[in-house]
Amino acid sequence: MKIDGTHYRSIWLGDDQKTVKIIEQRLLPHELKVVDLKSREDAAIAIKDMWVRGAPLIGATAAYGMALAMADDPSDANLEKSWEILHETRPTAINLRWALNRAKAHLGAMAPEERAAAAYKLAAEICDEDVEINRSIGENGLKLIEEIAAKKAPGETINILTHCNAGWLATVDWGTATSPIYHAVEKGLKVHVWVDETRPRNQGAQLTSWEMASHGVPHTLIVDNAGGHLMQHGQVDMVIVGTDRTTAQGDVCNKIGTYLKALAAKDNNVPFYVALPSPTIDWTVNDGVKEIPIEERDGREVTHVYGKLENGERDWVQISPDATPGGNPAFDVTPSRLITGLITERGVCDASSEGLKKLFPEQE
Ligand code: MRU
C-alpha cells in the first residue's frame, strides 16, 4: 500500500538480495521505521516480540527466516533446527507451520548447496502468492459490500466493523479484511469503518487506524465494547474480520474479542464475514474451541498500556494495582454457526466443511 507516495509491502528483500526488510510495527503509528533481519534469530525475535504480526505475515517472515538460516548453514541438521526454532515463536497462527512445512519439504528434497538460493526464491513466492490471494479476497468481498449498498439509498454510507488488524500490515499487502474495503473505496462506494481498538495490544488503534487514515478511508476508532451497542442501533451493516486459523469445519480462531462481536452480530442480524486466505485453513482440526492452541501472553500487556509519552519516549504505563495479576489469552474461537460466510481467494462459502470443500475439492 502507498504511504506518502511510496509503495510498501510489509516485508521485502534488501538491495543485497540477502537482508530481509520489515516495518517495526511496535512503533506505529508514531514512527514508520524499517529494520533489517540478518539472521534466523532476528526473524524469530521479530515474530515472537511482535515487530511483525498477523497470520500471513508471520508465515512470510518464517519463510524468510528459513532463507536466512540456509544462507548461514544449509545442512540437514540446521534445516531441522531452524524449523523448530521458528515454529516455537508463536503457537496460534497456522500460517507459521504452513510456511515452515512448505520450506522444509521443498529444501529437504535438494542438495544442501542449493538450499539458500531456493529458500529465498520460495519466500519471495510465498509473499507474491499472499499479495495475489488478498487481492482476490478483495474482489470477492467487494461483491458482498455491493449487495449491501444495493439495498441502501444511493450514496448512503455502508458501515463496516472490523476487529484487530487484518490489514496490509498483517499480510504482505492489501490485508485480508481490509482488501474488500479498499476495493469498495476504489469503486467509489461510500464506506465507513468502525475500528475496534483491540485491547490489549491495540492493533486496531495503532495499526488499522493508521492504515485507514493513510489511505483516506473514513473510519472511527471505538472501544472494544462499543460494537454491540452500535449494532443494536443499526449503525453496523456488516462485520469483516481476519483469522489466524480456520478449521476444516469452518470454526474461526482470531484475536481475542472476535467471538463476542460474532455473538452480538448474530443477535442483531448483522452479517458476520471472515476474510480467509487458504494458507490459514488448518485441515487437520475440526473443533476449533477444543483443538486450537490459544497463545497466553504476558499479563503485563493487560495491567499496562503501551504508548508514546509526552516526552516522546515510548513505554508501558501501569493502569491497575501492583497486586493485581493480568490474564491474557490472545485469541478466541468463533464457532462456524455464528459466521455468515468465509471470503476466500476462490470465492465466498458457508462456514462449514461442505462449504470449504466445495471451494477446495483437492482437500477431499
Ligand atoms: O497477535 P496478532 O497481532 O498477530 O493477531 C493478529 C490477528 O488476530 C489478525 O486478525 C489475524 O492474524 C488476521 S491477519 C490477516
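Asp 244 is found in the loop between β9 (238-241) and β10 (245-247). UniProt, in an unreviewed entry, places the feature "active site" at Asp 244. The model is predicted. The protein is divided into domain 1 (2-129) and domain 2 (136-363), and a ligand lies between them, because both domains give residues to the shell around it.

**Asp 244**

- Asp 244 counts as buried because 32 other C-beta atoms lie within 10 Å, where 20 or more are needed.
- Leaving aside neighbours within four places in sequence, Asp 244 is in contact with Ala 55, Thr 92 and Ala 93, and also with Cys 253, Asn 254, Thr 280 and Phe 331.

**Ligand shell**

- Of the 17 residues around the ligand, the ones that come nearest are Arg 53, Ala 55, Ala 170, Gly 242 and Lys 255.
- By residue type, the shell around the ligand holds 7 nonpolar, 7 polar and 3 charged residues.

**Domains and their contact**

- The centres of domain 1 and domain 2, taken over C-alpha atoms, are separated by 24 Å.
- Domain 1 puts 24 residues into the contact, and domain 2 puts in 28 residues.
- On the side of domain 1 that touches domain 2, α2 and α4 (95-108) each supply at least two residues.
- The largest share of that side of domain 1 comes from α2, with 5 residues.
- The residues on that side of domain 1 divide into 14 nonpolar, 7 polar and 3 charged.

- Strand β12 (residues 272-275) runs parallel to β17 and is joined to it by 3 bridges.
- Across this pairing, Tyr 273 stands opposite Gly 341 in β17.
- Strand β18 (residues 347-349) pairs with β17 in the antiparallel sense, again over 3 bridges.
- Val 348 in β18 is the bridge partner of Ile 343.
- The hairpin that joins β17 to β18 passes through 2 residues.

Terms used: Residues are numbered from 1 along each chain as its sequence is written. This is a predicted model: local features need pLDDT of at least 70, side-chain atom pairs count only at pLDDT 80 or more; totals for chains, interfaces and linings use all residues. A residue is near a molecule or strand if its C-beta atom, placed from the backbone, lies within 6 Å of it. Ala, Val, Leu, Ile, Met, Phe, Trp, Tyr, Cys and Pro count as nonpolar, Asp, Glu, Lys and Arg as charged, and the others, Gly among them, as polar. Domain bounds come from an automatic or database domain assignment. Two residues are in contact if their C-beta atoms, placed from the backbone, lie within 7 Å. Helices (H or I, at least four residues) and strands (E, at least two) are DSSP runs, numbered from the N terminus. UniProt positions are given in the numbering used here, feature names are shortened, and annotations may be inferred rather than shown by experiment. A residue is buried if 20 or more other C-beta atoms lie within 10 Å of its own, exposed if 12 or fewer, and partly exposed in between; C-beta atoms are placed from the backbone. Two strands pair if DSSP finds at least two bridges between them.
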